[in-house]
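Thanks for coming. I will show the structure now and then talk through a few parts of it.

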Amino acid sequence: MSLEEQELSELKSKIGRDPTFTELQIVAAEWSEHCSYKSSKRHLKMLPMDGPLVITEKGYDSGVLDVGDGYVVTAHIESHNHPSAVEPYGGAATGVGGVIRDILSAGTRPIAIFDGLRFGNIENDLQARWLFKNAVTGIADYGNCLGIPTIGGEVEFDECYENYAMVDVAALGFGKKENLIRNHIEKDDVVVLMGGSTGRDGIGGSQFASDSLESEDRSAVQIPDPFIEKLIIEAVLQARNDGLIRAMKDLGGGGLSCAVSETADAMEIGIEMDVDKVHTRESDMHPDEIMVSESQERMLIVTSKTKLKKLEEICNKFRIGCSVIGHVKFDNQVHIKKGKNTVANLPADVIANATLLDLPSKEPSYLKTIETEKKFKPISDYSKLMMKLLASPNIASKIWVYGQYDHEVGIRTVVKPGTDASVLRLDNGKYLSAKIDGNPKQCYINPREGAIGCFEEACRNVVCTGAKPIGMLDHLQFGNPNDSEIFWTFLESLKGLTDFAKSFEIPCVGGKVSLYNETPAGPIKPTPVIGVIGLIDKKPSVPKRIFENDCLLIIGDTKDELGGSEYFEYIHKFVGGKCPAVNFEDSKKNMRSVIDIIDKNLIKSAHDCSKGGLAIAVSEICMTNQIGCNVSLDVVPGEKLDVDRVLFSESHSRYLISFDKKNLAKIESVLKKNNVSFNQIGHFGGEKIQFNNNSKSVIDLNVEKANEIWLHALPNLVLHGKKTV
Amino acid sequence: MKVGVLVFPGSNCDRDMYHVLTDVFHLDAEYYWHEKELPKNIDAVILPGGFSYGDRLRAGVIAAHSPIIKDVQKMAEKGIPVLGVCNGFQILVESGLLPGVLLKNESLNFMCEWTNLIVENNMTPFTNQFKSNEKIPIPIANGEGRYYVSDDALKELKKKNQIVFRYSEVVNGSANRIAGVCNEDGNVVGMMPHPERAVESDINPIDNKPSSLIFESLLTKMGVSK
């Protein structure tokens with residue numbers, strides 16, 4: 001937990017002397033990968049960050065989007081992988097806490113939480129099951145207590161996460177533009193530490209997260225207290241309403257060290273503070289422990305001397321700690337004292353700006369040898385295979401997970417979890433839709449196309465609600481960046497995301513990079529997770545109940561793209577094949593068309609085709625509507641393919657549209673005008689999910705039976721260790 | 001008429017309840033922090049849901065000792081309508097204003113889902129607009145929502161018509177599928193499901209009219225015309 005030799009000599013030359021012990025701890029925390037982004041920062045600049053709706057202000061921890069009528073939406077994403085791998089309950093819970101405070105620091109009220117969870121193979125890995133179960137409880141206990149609805153996310157299992165946990169949390173905030181914290185500081189302003197006490201938990205957490213997980217260093221894991229966080233939210237929002245906050249930053253990785261130095265650096269000021277003024281949990285803490293502790297539920301607030309009393313009164317009302325720990329100076333120094341003695345005194349820009357690295361990259365050798373095609377034994381019974389897929393952990397219903405999250409509190413949730421993307425109503429009559437998506441199986445086979453695919457899938461999901469994508473959050477998770485092959489996969493993913501973002505004019509409003517995600521068996525698969533925020537000006541598409549004789553139509557081509565698919569990997573245990581690739585022009589046309597027909601109120605529901613392909617997407621519609629469907633595979637638009645490939649290809653840009661027969665002509669005319677590839681492939685009715693090829697039955701499933709399996713497979717496995725099929 | 005919405009540290013449905021009272025039913029409502037006194041001119045009191053004191057020790061037990069609860073007790077004795085929702089129900093039970101206790105759900109998990117209530121007692125200030133046995137689609141969201149009373153106490157509740165709402169099917173293992181009860185006088189009602197999440201059509205996927213009757217009952221009781 002210290003600086004590299006070369007970094008130490010660099011620090012010495014920058015300050016012209018030997019650093020003190022406390023200085024060393026502060027700089028080590030801030031120069032860690034976790035806080036400094038030293039490996040990734042120079043490359044992240046390629047992402048487009050500006051757009052007509054983006055509001056930028058120095059020092060914001062979250063992205064801000066103008067949604068009109070004087071309102072803004074804020075967004076951020078974080079992960080808590082290392083802590084969750086050691087202590088899943090606390091790690092996941094504090095992951096929620098951290099991202100919520102990022103939303104709060106802009107001066108907006110958090111209104112939604114999303115979580116992306118990834119673990120090892122829970123079918124045979126008991127550790128993975130334990131991690132999964134406890135991470136879910138951690139998120140539930142924290143988010144539910146805060147009264148912020150958890151309205152979406154994803155859960156995935158893959159052997160590459162054996163003995164590890166990927167916990168990504170995204171959050172959205174909402175507020176009035178005029179209430180945004182402006183982060184403007186004036187002379188004589190005071191620096192206040194608000195919230196929970198500073199203890200010995202989470203010491204060195206940011207360095208812990210910047211290294212491969214070798215020891216289970218539990219003291220580096222933070223302890224969650226959602227009750228204190230809830231009080232902080234209310235206290236901060238009241239202080240915001242009363243105009244008591246000049247600047248604000250949450251305490252996350254690197255604790256006080258990072259919050260103080262980053263605030264000083266971003267505002268171009270100096271801060272002088274005294275560690276003796278910090279309210280601590282234990283009496284004998286060292287200055288450096290106080291500076292790098294990552295105890296949760298703390299906010300750094302800069303206020304004026306005249307408004308301090310009012311701020312203290314608010315903290316008093318909520319019975320939360322409020323210590324004046326220092327004041328603003330204009331010497332650009334971070335000056336840490338213990339009583340009268342100086343323990344650290346460094347230029348803020350030195351602490352806050354680690355020297356950026358330019359790491360070498362090289363195409364991984366595995367990509368040259370990975371098999372692109374394989375012949376499988378013919379499938380004798382597709383209905384049986386479907387049952388197996390419906391019960392597979394990656395496809396089975398996740399209601400066991402989101403049923404534990406309060407997704408109604410705040411009374412904004414118009415479209416509930418379990419559909420493509422949830423929708424929230426906003427105070428200006430507009431609606432917000434958001435989704436996060438990842439796909440490490442595809443990203444492993446093709447880091448560039450895989451990452452683009454995650455981005456497009458998240459877009460598809462919000463488009464299915466009638467929303468236009470207005471912003472993106474990227475969370476780039478990879479193994480050790482010093483491995484040039486891993487770094488290549490990082491760069492490829494980033495380049496792909498950049499191309500897509502530029503072409504679709506969707507600005508990146510926030511993001512995070514998490515490196516050193518390594519398990520005893522090696523690095524994780526490249527795991528970018530992309531969040532997309534969409535805005536609906538009029539009415540969202542709330543899925544309507546499908547009845548007998550309603551029609552099913554597919555938009556988009558089905559291609560021979562099964563690399564990383566559940567069919568290849570879960571059924572045939574084959575890692576390889578051709579990764580689905582997004583054709584940007586088709587993607588745009590298809591998105592526009594779906595939004596068009598939703599706007600014209602022509603459909604009952606739109607559902608995207610993703611994991612498990614067409615076969616699973618159709619089944620999901622049937623199961624949620626408790627109605628059968630008869631689908632003809634031979635009329636599915638796209639390449640001429642074998643029947644298994646049509647069923648399970650995971651080609652992008654595809655949407656399944658359900659509608660009343662009477663609207664067929666109108667829908668067709670919109671789609672023809674937009675020149676998109678589409679076809680009516682089936683109609684609803686009866687109690688069976690049927691797929692035919694040239695009038696020959698391929699799949700014949702009872703809806704109710706399929707639904708039973710799909711709904712109960714996950715809890716059966718997690719709670720009883722029982723495989724359903 | 002004026003409705004007081006109590007706010008405890010950790011309440012998190014107070015704003016939702018306030019919105020429904022003021023924006024949907026156009027009532028005069030005001031928040032009261034748990035350390036404040038309730039003014040004499042309050043016509044009804046609502047304890048909203050949330051996690052008062054982070055559910056520490058037991059849901060609702062610490063908030064039940066808040067200064068404001070003494071005033072709620074006085075008002076309850078005077079016959080003023082009092083409604084506790086979710087954590088508010090837990091607080092009313094812990095403060096002795098309502099019988100029974102609320103235990104961890106049978107699943108041992110927090111549960112958030114839509115369910116159906118059956119109105120058992122349509123004489124309370126919050127149910128007087130319902131027909132007996134009317135069905136209400138409504139969401140629950142709780143970890144400690146399993147209502148429990150002893151068999152003898154349950155007989156008493158039935159005899160005195162204190163069971164206000166029951167779930168239409170087994171949801172969380174509650175005794176007699178009880179979802180809400182009232183005191184002997186019928187003016188203090190507690191319920192685990194969230195009516196404030198079900199009265200607006202755009203967030204209620206089934207039917208928002210039945211839940212609205214809970215608030216319309218209060219309006220009727222107060223003599224406010226719709």
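What percentage of the 226 residues in chain B do buried residues make up? The answer is 56%. Please keep in mind that this is a predicted model.

Let me stay with chain B for a moment. Its secondary structure consists of 5 helices and 11 strands. Along the principal axes, the C-alpha atoms of chain B fill a box of roughly 40 × 35 × 35 Å. For 226 residues, a compact globule would have a radius of gyration near 17 Å, and the 16 Å of chain B agrees with that. If we take the contacts in chain B between residues at least 6 apart in sequence, 74% of them join residues at least 24 apart.

Next, the place where the chains touch. Here 22 residues of chain A are in contact with 22 residues of chain B. On the side of chain A, the elements giving two or more residues are α7 (126-146), α9 (226-241) and β14 (413-415). By class, that side of chain A has 11 nonpolar, 7 polar and 4 charged residues.

Now the core. The largest nonpolar core has 300 residues, and those with the most contacts inside it are Ala112(A), Phe455(A) and Val594(A). The element that gives the most to this core is α7(A), with 10 residues. α7 was also named among the elements on the side of chain A that touches chain B. As for Val594(A), leaving out residues up to four places away in sequence, Val594(A) touches Val463(A), Cys464(A), Ile555(A), Ala606(A) and Tyr655(A). As general background, nonpolar side chains tend to be buried together in soluble globular proteins.

On to helix pairs in chain A. Helix α22 (residues 613-625) and helix α25 (residues 703-720) pack at an angle of about 100 degrees, with axes 9 Å apart. The angle makes α22(A) roughly perpendicular to α25(A). From α22(A), Ser619(A), Cys622(A) and Met623(A) meet Val703(A), Ala706(A), Asn707(A) and Trp710(A) of α25(A). By class, this contact has 5 nonpolar and 2 polar residues, with no charged ones.

Both of those helices come up again with helix α15 (residues 382-391) of chain A. Which residues of α15 are buried? They are Tyr382(A), Met386(A), Leu389(A), Leu390(A) and Ala391(A). The elements of chain A that cover these buried residues include α20 (566-571), α22, β28 (696-702) and α25.

A second pair is helix α2 (residues 21-30) and helix α10 (residues 255-267), also of chain A, which pack at about 80 degrees with axes 9 Å apart. α2(A) and α10(A) are therefore roughly perpendicular to each other. On the α2(A) side the contact is made by Ile26(A), Ala29(A) and Glu30(A), and on the α10(A) side by Ser257(A), Cys258(A) and Ser261(A). The residues of this contact divide into 3 nonpolar, 2 polar and 1 charged.

Why does Gly68(A) count as partly exposed? Because Gly68(A) has 14 C-beta neighbours inside 10 Å, while a buried residue needs 20 or more and an exposed one has 12 or fewer. Leaving out residues up to four places away in sequence, Gly68(A) touches Asn428(A) and Lys430(A). The C-alpha atoms of Gly68(A) and Ile351(A) are separated by 38 Å, and these residues are 283 residues apart along the chain.

That is where I will stop.

Terms used:
Residues are numbered from 1 along each chain as its sequence is written. Chains are lettered from A and ligands numbered from 1 in the order in which they are written. This is a predicted model: local features need pLDDT of at least 70, side-chain atom pairs count only at pLDDT 80 or more; totals for chains, interfaces and linings use all residues. Axes are lines fitted to C-alpha atoms, for helices over the stretch in contact, and angles run from 0 to 180 degrees between N-to-C directions. Helices (H or I, at least four residues) and strands (E, at least two) are DSSP runs, numbered from the N terminus. Angles under 35 degrees count as roughly parallel, over 145 as roughly antiparallel, 65 to 115 as roughly perpendicular and the rest as oblique. Two residues are in contact if their C-beta atoms, placed from the backbone, lie within 7 Å. Ala, Val, Leu, Ile, Met, Phe, Trp, Tyr, Cys and Pro count as nonpolar, Asp, Glu, Lys and Arg as charged, and the others, Gly among them, as polar. The radius of gyration is taken over C-alpha atoms; the globule rule is 2.2 Å times the number of residues to the power 0.38. A nonpolar core is a set of buried Ala, Val, Leu, Ile, Met, Phe, Trp, Tyr and Cys residues joined through C-beta atoms within 7 Å.
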